Amino acid sequence: MTHPAPQPRVISAPGPLRGTVRVPGDKSISHRALMLSALAVGESRIEGLLEGEDVLATAAAMRAMGADIMRGGDGVWRVHGVGVGGLLQPESALDMGNSGTSTRLLMGLVASHPITATFIGDASLSKRPMGRVIDPLATMGADITASPGGRLPLMVRGLCPAVPISYRLPVASAQVKSAVLLAGVNAPGITRVIEPVATRDHSERMLAGFGADLSVEIDEEGARVISLVGEAELKPQQIAVPGDPSSAAFFAVAASIVPGSEVRIANVGLNPTRSGVFTALRAMGADIEEVDARSVGGEPVADLIVRHAPLVAADPDPALAPSMIDEYPVLFVAAALARGRTEIRGIEELRVKESDRIATMAEGLRAIGVACEELPDGLIIEGRDGDGFPGDAQVASKLDHRIAMSFAVAGLHAAKPISIDDAAPVATSFPDFFELLAHLQN
Ligand SMILES: O=C(O)C1=C[C@@H](OP(=O)(O)O)[C@@H](O)[C@H](O)C1
Ligand SMILES: C=C(OP(=O)(O)O)C(=O)O
């Protein structure tokens, strides 16, 4: 719950970006790999795990509930699980730091085990809504006491056996879907999640990969119906985590906006439920080539070669929102340099992330010289037609890693430096972001 001292950073335009970078492992897949390995009996091995603070919070919580988790000197993580139903009562509160995914998915796991756990987090996480997972998990029988507004700190008292439910998602959220499915892993019978709008499907892929009986059908209205047979026996796996497209997006935008750049981003996960940002950038004229397409750990992967290109405003299709939800802040930076006006709608979910990402980005963009107008569910941005940002301003990251990295990217094409009041949150999802950026500047 304590924060490291703020780490201010000044970014100035260094000239073209050139070379190859390999982005770290996918954050969503890393969380799930640790959780499911911790529920399997026997040793799982995870290669390419993201070693960011959010994922380390998940690892610490799974250890506190009985799993044996070790990082080998070879960088491979070895997990000895406790078996479905075998999670132990943690001795102290689970500190989720800044991580919404850790909190919501672990609440699901605890909900169907005969244990009680208290969840705490940092100032950002303590403002985020948990009612969206409390509701279905309470229907499954968990007893949950939350702080006012359904927030952290909160306590989950699991029920075993839990009641399997059929739950239609009221909000397009992979975290809510996953919380219900993970609770369903230790519930008798069939737990069903109906998803009118598809969100990232890593939980479904990985549950099936660990041997759970899970099926997905499309109903007559086009919704995905995910059915999971509970009291599953999960078998240990060898997992290779692909690179995170959400992290790759920062370099894709950086190379697109800085004249003379050409960057190869290696090992990027391109699961269609995650790759919307590349579709949106290409619609703006970005030059993104996919090479060496392959499959890593059951997920599509390729290297991306991104070259500078003049960008033109193109309103992103709101239907793409779930597949690029975390990439909007950096897409706003691209839109702010494009020719024309971009209207981005259908992204009200951005208001409940690590910060209110519509408001925080609007404030920062104005500070660096961009005209924009906030909407309840989006943002209108007047593009600068390739003209760099005037800069000479300080922006606030508000405990939000994606805000800090987005303004670092903006600083690469600014007449005067942009300072970020606190870049420490970058360590939650992308600890070596600034090192990789420096590598491309040499
Ligand atoms: O399931 C996941 O791993 C995630 C789902 C998304 O959140 P929501 O489910 O709240 O949309 C995303 O923003 C988050 O970074 C990771
Ligand atoms: C929203 C994010 O993560 P989380 O919900 O796990 O905090 C993110 O990484 O942008």
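Visitor: How many helices and strands does the chain have?

Guide: In this predicted model, the chain has 12 helices and 22 strands.

Visitor: Into which domains is the chain divided, and where does the UniProt domain lie?

Guide: The division gives domain 1 (9-25 + 242-441) and domain 2 (27-240). Their centres, taken over C-alpha atoms, are separated by 29 Å. In an unreviewed entry, UniProt lists residues 13-436 as "domain: Enolpyruvate transferase". The end C-alpha atoms of residues 13-436 lie 15 Å apart, and the span is 29% helix and 25% strand.

Visitor: How do you know that domain 1 and domain 2 are in contact?

Guide: Two residues are in contact if their C-beta atoms lie within 7 Å. By that criterion, 23 residues of domain 1 are in contact with 27 residues of domain 2. On the side of domain 1 that touches domain 2, the residues divide into 10 nonpolar, 9 polar and 4 charged.

Visitor: Why is ligand 1 said to lie between the domains?

Guide: Domain 1 and domain 2 both give residues to the shell around ligand 1, so ligand 1 lies between them. The residues around ligand 1 are Ser 28, Thr 101, Ser 173, Ala 174, Gln 175, Ser 178, Arg 200, Ile 325, Asp 326 and Glu 349. Helix 5 provides the largest share of this shell, 3 residues.

Visitor: Why is ligand 2 given that description as well, that it lies between domain 1 and domain 2?

Guide: Both domains give residues to the shell around ligand 2, so ligand 2 lies between them. Its surroundings consist of Asp 54, Ser 99, Gly 100, Thr 101, Asp 326, Lys 353, Glu 354, Arg 402 and Ser 429.

Visitor: How many residues of each shell are nonpolar, polar and charged?

Guide: The shell around ligand 1 divides into 2 nonpolar, 5 polar and 3 charged residues. The shell around ligand 2 has no nonpolar residues, 4 polar and 5 charged.

Visitor: Which residues does UniProt list under "binding site"?

Guide: The unreviewed entry lists Lys 27, Ser 28, Arg 32, Ser 173, Gln 175, Asp 326 and Lys 353.

Visitor: Why is Lys 27 called buried?

Guide: A residue is buried if 20 or more other C-beta atoms lie within 10 Å of its own. Lys 27 has 24 other C-beta atoms within 10 Å, so Lys 27 is buried. Lys 27 is placed in helix 1 (residues 27-39). Leaving aside neighbours within four places in sequence, Lys 27 is in contact with Leu 50, Gly 52, Asp 54, Val 55, Asp 244, Ser 246 and Ser 429.

Visitor: Is Arg 32 buried or exposed, and what does Arg 32 touch?

Guide: Arg 32 has 25 other C-beta atoms within 10 Å and therefore counts as buried. Arg 32 also lies in helix 1. Not counting residues up to four places away in sequence, Arg 32 touches His 202, Ser 203 and Met 206.

Visitor: How do you know that Asp 326 counts as buried?

Guide: Asp 326 has 22 C-beta neighbours inside 10 Å; because the threshold is 20 or more, Asp 326 counts as buried. Asp 326 lies in the loop between strand 17 (299-307) and helix 9 (328-337). Leaving aside neighbours within four places in sequence, Asp 326 is in contact with Ser 246 and Arg 402. UniProt, in an unreviewed entry, places the feature "active site" at Asp 326.

Visitor: Which residues of helix 4 are buried, and what do they pack against?

Guide: In helix 4 (residues 131-139), the buried residues are Val 133, Ile 134, Pro 136 and Leu 137. They pack against helix 3 (100-111), strand 8 (143-147), strand 10 (166-168) and helix 5 (174-185). Just after helix 4, Gly 141 takes a positive phi of about 115 degrees.

Terms used. Residues are numbered from 1 along each chain as its sequence is written. Chains are lettered from A and ligands numbered from 1 in the order in which they are written. This is a predicted model: local features need pLDDT of at least 70, side-chain atom pairs count only at pLDDT 80 or more; totals for chains, interfaces and linings use all residues. Helices (H or I, at least four residues) and strands (E, at least two) are DSSP runs, numbered from the N terminus. A residue is buried if 20 or more other C-beta atoms lie within 10 Å of its own, exposed if 12 or fewer, and partly exposed in between; C-beta atoms are placed from the backbone. UniProt positions are given in the numbering used here, feature names are shortened, and annotations may be inferred rather than shown by experiment. Domain bounds come from an automatic or database domain assignment. Ala, Val, Leu, Ile, Met, Phe, Trp, Tyr, Cys and Pro count as nonpolar, Asp, Glu, Lys and Arg as charged, and the others, Gly among them, as polar. A residue is near a molecule or strand if its C-beta atom, placed from the backbone, lies within 6 Å of it.
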